[in-house]
Amino acid sequence: MARILVTGGLGFIGSHTVVELVNAGYEPVIVDDLSNSNIKILDQLARIIGYKPDFYQLDLCDEPGVKKLAESEPDIAGIIHFAAFKAVGESVHFPLKYYRNNFYSLLNVLNVYHEQPVNFVFSSSCTVYGQPDHLPVTEEAPVKTAESPYGNTKQVAEEILKDMVAAGSNYKVISLRYFNPVGAHSSALIGELPIGVPQNLVPFITQTAIGKREKITVFGNDYNTPDGSCIRDYIHVVDLAKAHVAALKLMETANFTGYDVFNIGTGKGSSVLEVIYAFEQTTGVKLNYKIGPRRGGDIEQIWGDVNKSKNILKWQTELDLDTMMLSAWEWENYISQNPL
Ligand code: WQD
């Protein structure tokens with residue numbers, strides 16, 4: 001079976017991708033420094049896939065350590081690179097921490113496998129678009145000046161990968177621009193594990209619903225949208241995980257060469273208030289929320305044009321917003337009763 005290195009593989013999206021890799025007949029090799037993940041997710045994965053995947057605890061900024069990893073794992077057919085710091089707000093306060101970690105880790109991994117043909121999937125983000133001029137946003141939309149150092153690390157990383165391929169690299173590369181990943185695996189054994197107070201909407205909703213948080217603040221309802229609250233393209237994390245398998249499959253075909261980029265979303269926008277209502281309708285849990293001031297750095301509305309993913313990546317989402325809410329709620333209930 002083809003061995004696929006999954007950096008950041010114990011994280012929210014990484015762990016769900018490990019499951020889909022096994023389902024597709026690949027052999028994932030997880031690398032994670034545990035700076036934003038929990039080692040117990042390895043046991044949770046074993047309960048889902050039936051065996052404990054190979055795991056290396058390693059900070060990818062440790063260049064000698066990454067060289068040792070490549071000596072231990074010479075036969076890597078693909079790499080899915082999730083490992084990065086990803087808190088938008090934190091990146092504004094600690095830019096050097098973000099530039100150092102996100103670039104050193106990427107460059108160290110690329111450096112140790114560049115002499116062999118490897119299919120490389122990069123975890124990018126719709127944040128590269130900023131506030132698009134036209135919606136739905138296509139992959140051809142101009143990349144705008146990043147709103148945060150975090151967003152800038154995604155933009156620059158895409159440029160690094162494009163330049164590397166243009167220089168005649170053995171790598172084939174696909175960048176996946178995620179919209180907003182939410183929800184959890186149907187087993188409720190893995191899901192989003194925010195450290196401290198959740199920054200993102202859906203974990204804040206589920207923690208409020210279970211009583212961990214007193215109420216949700218809707219960050220502004222005076223935007224130029226139908227109900228005044230911001231619009232995002234929320235995508236079920238399992239659909240997102242499957243897009244990584246589709247990217248590996250596409251790069252395994254003879255006619256794929258070089259570098260490409262795909263929007264990974266549903267193609268539909270949902271407002272903050274619509275997400276709150278969807279949660280209440282599907283779970284029957286009434287949410288306590290108030291309207292507060294806008295959050296700095298938020299864009300007003302974005303959702304993806306996903307035709308390129310459908311037609312070329314041969315991938316599209318299957319799970320709807322209600323399923324996203326229900327699975328997130330089931331995970332919140334599980335983790336509250338079974339803390340890792
Ligand atoms: C969604 C909407 C908030 C919390 C960020 C990153 C993106 C990716 C996902 C890493 C916004 C509103 C939120 C709350 C609220 N991260 N909100 N009350 O900001 O779209 O995307 O996280 O890859 O790159 O930019 O996601 O979930 O934080 O916010 O009203 O308590 O929910 O204002 O409109 P965001 P989010």
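Is Leu 34 buried, partly exposed or exposed? See the second view for that one. This is a predicted model, where local features need pLDDT of at least 70 and side-chain atom pairs count only at pLDDT 80 or more, while totals for chains, interfaces and linings use all residues. Residues are numbered from 1 along each chain as its sequence is written, and side-chain values use heavy atoms, with hydrogens and water left out.

**View 1. An open sheet of seven strands, with parallel pairing.** The order runs S3-S2-S1-S4-S5-S6-S11. Strands here are DSSP runs of E, at least two residues, and helices are runs of H or I, at least four, numbered from the N terminus; two strands pair if DSSP finds at least two bridges between them. At the edges sit S3 (54-57) and S11 (259-264), each pairing on one side only. From one strand to the next, the twist averages 20°, taking axes as lines fitted to C-alpha atoms and angles from 0 to 180 degrees between N-to-C directions. Strand S6 (residues 172-178) joins S11 through six bridges in the parallel sense, with Ile 174 standing opposite Asp 260 in S11.

View 2. Most residues other than glycine have a negative phi, and most peptide bonds are trans. Leu 34, in the loop between strand S2 (27-32) and helix H2 (41-49), has a positive phi near 60°. Leu 34 is partly exposed, with a relative accessible area of 22%; buried means under 20%, exposed over 50%, and partly exposed in between (1.4 Å probe, protein chains only). Ala 188 also has a positive phi, of about 60°, and lies in the loop between strand S7 (180-182) and helix H7 (201-209). Ala 188 is buried, at 10%. A cis peptide bond joins Leu 135 and Pro 136, with omega about 0°; Pro 136 belongs to the loop between strand S5 (119-125) and helix H6 (149-166).

View 3. A polar backbone atom of Leu 201 is 2.8 Å from a ligand oxygen. The side chain of Arg 295 places an N or O atom 2.9 Å from a ligand oxygen, and a backbone N or O atom of Gln 199 lies 3.4 Å from one.

Key
A polar contact is a pair of N or O atoms within 3.5 Å; within protein, one must be able to donate a hydrogen and the other to accept it, and residues adjacent in sequence count only if both atoms are side-chain atoms.
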